[in-house]
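Please consider the model shown here, and follow its charged pairs, its backbone exceptions and one of its helices in turn.

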Amino acid sequence: MTAEQQRLKVNNAKKIPLEQWGPYISERQWGTVREDYSENGDAWNYFPFSHSHARAYRWGEDGLAGISDFFQNLCFSVALWNGKDDILKERLFGLGNYQGNHGEDVKELYYYLDNLPSHYYMQMLYKYPQQKFPYQQLLDENGKRSKLEPEFEILDTGIFDDNRYFDVLITYAKYGKRDIGIKIEITNRGKTTAPITVLPTLWFYNRWQFKGVDKKPVIKEINDCTVKASHERLGSYYLYFQKTGDRFFTENETNFEKLFGKPNTTPFVKDAFNEAVIEEKNVERLRTKKSGTKFAPVYNYKIAGGATKILYLRLSDTLTDSPFAKGFDNIFTQRKKEADEFYEDVLPHNISDDLRNIQRQALSGLLWSKQYYHYDIERWISGSDGIAHQNGHRKHGRNHEWQHLKNQDIVLMPDKWEYPWYAAWDLAFHCIPMAMIDPTFAKHQLVLVMREWYMKPDGQLPAYEWNFSDVNPPVHAWASLQVYNIEKKKTGKGDISFLKRIFQKLIINFTWWINRKDPNGNNIFEGGFLGLDNIGVFNRSIQLHSEMELEQADGTSWMGMYALNLMDMAIEIAMHDNAFEDTATKFFEHFVLIAEALNELGLWNDEDKFYYDMLMPASGAPMQLRIQSIVGLTSLFAVSIIEKNVLHKLEDFKKRISWFENYRIKNNKYWPNEERAEGEKTLLSLIPRERLTALLERLLNETEFLSEGGIRALSKHHAENPYSVTIEGVNYYIQYDPGDSTSDFFGGNSNWRGPVWMPINYLIIQSIKKYGEFYDGSLTVEYPTGSGKFMELEEVASELIKRVTTLFVKDEDNHRRLHGDQNWFYSRPENRHLVLFYEYFHGDTGRGLGSSHQCGWTSLIAELINEMAEKQEPLAKKKFVMGEEDE
């Protein structure tokens, strides 16, 4: 076992498999729902970025490359000043939803380079301009642009053109669980000497303002290189730092005078360092203060062009006279070596260094995405933030039906800036790559969202904080099986206890779906947008007319998949505990009924060979919405194989499905399964073989769904053939949009009308592999459609993995498709190893779009590269070692 694996073995034996210290600080706390106490529910304007440096948060903290304990009592992050900005760089800047032409978007350059599951080694890179940061230019230019134009990014401002910036590399290396070495390396990438001020900042999350603690914590000076932070719950910690001229203390309190024109309760406010460093205001007062709830030593450097300055600190629960004794910095080398050994063991060896670098950064970014999430709906509704007047709006407003929800956990976020809140189905996908490196934590996350302080008493899972009552696809049973199988393959043993535990919760959620989303009791399901934002010709979460119903092909398919997943789970458990055998039968029969509904009740169009949503008016004929999108392809996801040995062992299950089959066939009812001639395997699928091949013909057509970078969410057919429909005098319209969203649905910052999405591609690939496993060469399809080349299905799955992977790999010019028109910057020697994990990718060019650090589900690329390696078909030949610059 590597050193990290030994740590994980100890850690995973705990009830909650968490390290006390980790990267748990959000990158954006402002503009969130939980900080919104407005009367109109306008979270972006109630707490804008312009308030963040001077206003204390209510429900958590944010920072730059920050760490905290798992209850976020004590926080540490880095603040910077280039001598020109009007504010300290204490947090990442980005546009609010109303400020961007495509919604909210971070406008910074930062990269998660390394991390371990125990967080004994972590590294993040931030690129800080030496010229004045272009805050206003970014606001103005994006504000001018229409939704038909691309976003104006920081690299478009010209501020990085001549390399006049600092690389700020922040590294954490733990001596022990509560003893953390901190290394800040600042490299001047320019040619001339430039100034920079560094404020490594330690502070307490302000719980005392709302009586969250009995005694206000305090940070006190011990000597000119040490402060002591004392907290009634956390205990005492010491921050050791190298000698410097100024050491500032203040309080983590709102500057009411600056923001609201009201008197402050103390002259020492949250933004006091900002005023002292930039405005040289109240400097002497800060120099005389020797305690507070926020502290920073101040380092002023002038760094020559090409030179590097290194700063060390140490945060420990132990008092020592020699925190920087000879050899103290060896810990960074040691932990880096341990990280290398861990990933050497985890990642495949038969691929290029570039592919391994992509995997390692994907998994490191996933680990950096752990965040302390605190939100108590009942307290939020009944309380105040001390700024807004108490009002009754929240009692009947957003999320008022979720007062049981009391979250205070470390959760994997989709993106800690753009989406600093969990989303139910995103989290399910996050757990799959997490299982590659820490399956215990992956299982913990899946169980966590099912717990009673998340799941509603009626069984509904919370979608996301903007509207917990929205409905996400029910992928948690599927994700649980994925995690189970990844761990079983890795260790040789499946965690049946985990399956049993989560199975009980999933049954409750499945029942909620049956009772709430099948209003006509015909096994055709609704669900609204189902995580696909603007996929519909209209907003599927809003009922068009009180007498109209939308019967959804994807809602029905997701439920067919859900039933099949629960059957698979019950079978796996029943192989060890036959008490679950009856449950397997129950979900098998439910699957058959859903398959019948999907195929027999009007969702299939035999002319187009595609599944569509159907609009059901109170009177008149039903109307198929003939949009060729991922909605109709979700039918591929419900596929399973029952092995012959299972039927031999589970005799009652075998007897019941045989009777059910005979009964339905005898009575001319739909029957979904197909058996191999030798009877070794039974295929269960929502779609018959002939419909499968018809769907694959469209899926693998480069003029429809198949792009160079994977499967598009909407067929390119709609570029020349837009779809429109008139309902009650209103015309609705949809066309192929391969790039950023041109609609306002769900904030307008995501687009499902043409781009490539990693989670959907992952699902499609796994499904085609499963079909291929069953047909075992007896079914071939043309790939690409029209090429004249025919392949077995497992070969097709491998080819799709290759296509998706080409989004990330370097070509001979050191360009990556996902960097698009920014490759001029990323092909520089010092940047060639840097990879971003975008939310989605342009359907034609492969350019990364949306959230730029969607290290949640886009980190699925790490698992896909693993699967590619199993076929021993490496993609990239040029080797590159992470962290090393090209000569």
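The model is predicted. It holds 63 salt bridges. Side chains of opposite charge can pair when their charged atoms come close. One of these bridges joins arginine 34 and glutamate 465, with the closest N and O atoms 2.7 Å apart. The two partners belong to distant parts of the chain, 431 residues apart. Arginine 34 is placed in the loop between strand 1 (21-22) and helix 2 (43-46), and glutamate 465 in the loop between helix 12 (439-448) and helix 13 (476-491). Arginine 34 has a relative accessible area of 0% and is therefore buried. Glutamate 465 also has 0% relative accessibility, so it too counts as buried.

Lysine 337 and glutamate 341 form a salt bridge in which the closest N and O atoms are 2.6 Å apart. Because they are four residues apart in helix 8 (residues 330-346), about one helical turn separates lysine 337 from glutamate 341. An α-helix has 3.6 residues a turn, so residues three or four places apart point the same way. Lysine 337 counts as exposed because its relative accessibility is 51%, and the cut-off for that class is over 50%. Glutamate 341, with a relative accessible area of 31%, is partly exposed.

A further salt bridge brings together the side chains of arginine 698 and glutamate 704, at 2.8 Å from N to O. Arginine 698 is buried, since its relative accessible area is 17% and buried means under 20%. Glutamate 704 is buried as well, with a relative accessible area of 11%.

The backbone is the next topic. Most residues other than glycine have a negative phi, and most peptide bonds are trans. Asparagine 163 has a positive phi, near 65 degrees, without being a glycine. Its place is the loop between helix 4 (135-144) and strand 8 (165-176). At 17% relative accessibility, asparagine 163 is classed as buried. Asparagine 668, likewise not a glycine, has a positive phi of about 55 degrees. The loop that holds asparagine 668 runs between helix 19 (651-666) and strand 26 (674-675). With a relative accessible area of 73%, asparagine 668 is exposed.

Where does a cis peptide bond occur? It joins tyrosine 783 and proline 784, and omega is about -15 degrees. Proline 784 is located in the loop between strand 32 (780-782) and strand 33 (790-792).

The last stop is helix 23 (residues 793-805), which contains glutamate 794. Its 13 residues, at 1.5 Å a residue, should span 18 Å, and the end C-alpha atoms are 19 Å apart, which agrees. The buried residues of helix 23 are Leu793, Val796, Ala797, Ser798, Leu800, Ile801, Arg803, Val804 and Thr805. Glutamate 794, in contrast, has 31% relative accessibility and so counts as partly exposed. Together with Asp776, Glu792 and Glu795, Glu794 forms a patch of negative charge on the surface.

Terms used. Residues are numbered from 1 along each chain as its sequence is written. This is a predicted model: local features need pLDDT of at least 70, side-chain atom pairs count only at pLDDT 80 or more; totals for chains, interfaces and linings use all residues. Side-chain values use heavy atoms; hydrogens and water are left out. Patches are made of residues with over 30% relative accessible area and no salt bridge: like charges are joined within 9 Å, nonpolar side chains (Val, Leu, Ile, Met, Phe, Trp, Tyr) within 5 Å. Accessible areas come from the Shrake-Rupley method with a 1.4 Å probe; for residues, only the protein chains shown count as cover. A salt bridge is a side-chain nitrogen of Lys or Arg within 4 Å of a carboxyl oxygen of Asp or Glu. Lys and Arg count as positive and Asp and Glu as negative; His and the chain ends are not counted. The place of a charge is taken as NZ of Lys, CZ of Arg, CG of Asp or CD of Glu. Helices (H or I, at least four residues) and strands (E, at least two) are DSSP runs, numbered from the N terminus. Buried means under 20% relative accessible area, exposed over 50%, partly exposed in between (1.4 Å probe, protein chains only). The expected span of a helix is 1.5 Å times one less than its number of residues.
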